[in-house]
Amino acid sequence: MTAQTTTAWPTNVFARYLTVAGSSLGRDDLAVDLTHRLTIHNPPEPFATLATCTGCQATEEVGHWRSRFAFPGAMEEVHDPETADKRAREWAQEHAETCRAMPRPEAAR
Ligand SMILES: [Zn+2]
């Protein structure tokens, strides 16, 4: 058993992938957080899935809308948040497995 500190997730974070640094230090705040980016509409609508690493500040944004060929010569916009979430999760997982970044310890100041 390792001691694990549990910090509250930031608002809107719907998935979190602990980084290598986070798991070796037992710190669950070193992670890749997934959130949805919202439009300024009222009510706001998600338009992209954003993965943000709290260790090194790397980000990856995957839009919910993408273009595809409807028929030869024509494109249509497809709303596909599930695929965007999936791609963001894959990026988050892959980044978390390799990220060893950690913030400067408070005591070292
Ligand atoms: Zn990172």
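User: What makes the contact of Arg68 and Glu76 a salt bridge?

Analyst: In this predicted model, the side chains of Arg68 and Glu76 come to 2.9 Å, N to O. The cut-off is within 4 Å for a side-chain nitrogen of Lys or Arg and a carboxyl oxygen of Asp or Glu, so the pair counts.

User: Why is Arg68 called partly exposed?

Analyst: Its relative accessibility is 41%. Buried would need under 20% and exposed over 50%, so Arg68 falls in between.

User: And why does Glu76 get that label, partly exposed?

Analyst: Glu76 has a relative accessible area of 32%, and that value also sits between the 20% and 50% limits.

User: OK, on to helix α2. How do you know that Lys86 and Glu90 form a salt bridge?

Analyst: Their side chains meet at 3.3 Å, N to O, and the limit is 4 Å, so the pair qualifies. Both residues belong to helix α2 (residues 81–98), where they are 4 residues apart, about one turn of the helix.

User: Why is Lys86 called exposed?

Analyst: Lys86 has a relative accessible area of 52%.

User: What makes Asp33 and Arg16 a salt bridge?

Analyst: Their closest N and O atoms are 2.6 Å apart, and the cut-off is 4 Å, so they pass. This pair links distant parts of the chain, with Asp33 in strand β2 and Arg16 in strand β1, 17 residues apart. Both residues are buried.

Conventions. Residues numbered from 1 in each chain as written. Predicted model: local features only at pLDDT ≥ 70, side-chain atom pairs only at ≥ 80, totals over all residues. Heavy atoms only, no water. Helix = DSSP H or I, 4+ residues; strand = E, 2+ residues; numbered from the N terminus. Buried < 20%, exposed > 50% of the residue type's maximum accessible area, 1.4 Å probe, protein only.
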